[in-house]
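Biologist: Could you put the model up and take me through how its pieces pack?

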Amino acid sequence: MPIPDNPFLAFTAPGLPGLHPYVPGKPISELERELGIRDSIKLASNENPLGPGSKARAAFTAAMPDLGRYPDGGGCELHRALAERHSLDPAAITLGNGSNDVLDLVARTFLRPGAESVFSEHAFAVYPIATQAVGATARIAPARDYGHDLDAMGALVNRHTRVVWIANPNNPTGTWLPAASLRTFLASLPATCIAVVDEAYSEYVQAPDYPDTSTWLDAFPNLIVTRTFSKVHGLAALRIGYGISDPRIAELLNRVRQPFNVNTPAQLAALAALGDADHVRDSVTLNDAGLAQLAAGFDHLGLSYIPSVGNFITVDLGRPAGPVDRDLLRAGCIARRLANYGLPSHLRVSVGLAAENARFLAALASVLGK
C-alpha cells in the first residue's frame, strides 16, 4: 500500500509518483490465516494445476548440489536449446527472470521521458507499469470486443512511439489475434518502433490461424517475441522466460540485463521441460476440458463470459465483482477481480483440476443465490 506523504517520493524518477505496484493473486496461506479456514483453492494466477512435469522435477532436484555456485550467467545450454527449438541463432535469445523481466528490459532499453508506448485497453498490467517506471508516456487504445483493436492502436502510433505492446492471447480477456491481421499491423509500423508480441499462453492455443511470430523475425527486424515457462510448463515459482528477437536487439537487451538473472534450478528445469512433450500435451488436454467445464457452468448460471484460448476464462457477474469475490474468498475460492483492468463486474478464473473447477462453480452459484 502507498505510504501517505512519503518524503522520499520527491527524490524518485519522474514516473514513480503516479505508479502503483502490480498486485499479485492472494496466496492460499495468507487467505487461510486471515479467515481461519482450510483447504482453499487458488484459481487466480493462471498457473498450471499439474505443476511441472517429471523431467523438470528431476532436473530441479539434480541442481541442489550446485546451489553454492553462481548460475551460468549466459545460460549457454538453454540458449542453444531454445535456438534449436525456434531454428534461430542463439544470439537471438534473451533469458529473463520470467517473461516479465524481458518486458522490463524492453522498457528500460527503448523507452524514456518524451517517448511513448502503445497498448490496448484491458491489456496486461505490466505494460503500463514498465512504461511509467521509466518516465515514458502510455497511449491506450480502446478495446474491441474485449480484445486488441489494431486499427485503433495504429492510429496512436506517431513519431514519438518507441514500443507497441501486443498480448496474443491477451491476459486477462483470453482474446487473440489471427495471423493475417497481426502481420498486416506489424508491417504498418515504422522502423523506429519496437513491436513486442507477448505469447505467454501460446502453447494453449488450438486455433489454426494463430501465428507463431517467432518465425517472422526475418520479415520484421523490429519485432520482439516473449515466451515463458510459467504457464504450460508449470515452472511459475522458478521465474524463467525469454525473448526472441533480431540479435542486434538482443545485444541491447543484454546490456541492461542483470547478471545471473536466471538461477541454476530454473535453467535446468526449463531445459528439461523443453524435452517433455508429454507434459505439455497433458496440460493442454486438461486445460481444454477445464475451459469447457467452466464455460458450461457459467452458461448454467446464466452468466456471460469472454471466450478464451488461454488457461483462464473471464466471466461477467452482472454486478460489482468485489462483494462476490469477498464471499468466494470466505468459501475458500481465490479468483481474480479485474477492476484495475477496467472490468469492475468481471472475475478472471484460472483453469484448475476438474474437482477445483466444480468447487468454484458450486461456490459461485451459492454466492449468487442461484
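Modeller: A crossover is called right-handed if, with the strands pointing away from the viewer, the path from the first strand over the helix to the second runs clockwise. In this predicted model, local features need pLDDT of at least 70 and side-chain atom pairs count only at pLDDT 80 or more, while totals for chains, interfaces and linings use all residues. Residues are numbered from 1 along each chain as its sequence is written, and side-chain values use heavy atoms, with hydrogens and water left out.

Biologist: Which elements make a β-α-β unit, and what is its hand?

Modeller: Strand S3, helix H5 (residues 126-133) and strand S4 make that unit, and it is right-handed; helices (H or I, at least four residues) and strands (E, at least two) are DSSP runs, numbered from the N terminus.

Biologist: How many bridges join S3 to S4?

Modeller: Five bridges link S3 (residues 116-120) with S4 (residues 137-141), and the two strands run parallel; pairing requires that DSSP finds at least two bridges between them. Glutamate 116 stands opposite threonine 137 in S4.

Biologist: Switching to helices, at what angle do H2 and H9 pack?

Modeller: H2 (residues 54-62) and H9 (residues 264-274) pack at about 150°, with axes 8 Å apart, where axes are lines fitted to C-alpha atoms, for helices over the stretch in contact, and angles run from 0 to 180 degrees between N-to-C directions.

Biologist: And which residues of H2 meet H9?

Modeller: Lys55, Ala56, Ala59 and Phe60 of H2 meet H9 residues Pro265, Leu268, Ala269, Ala272 and Ala273, with contact meaning heavy atoms within 4.5 Å.

Biologist: How far apart are the axes of H3 and H9?

Modeller: The axes of H3 (residues 76-86) and H9 lie 10 Å apart, at an angle of about 25°.
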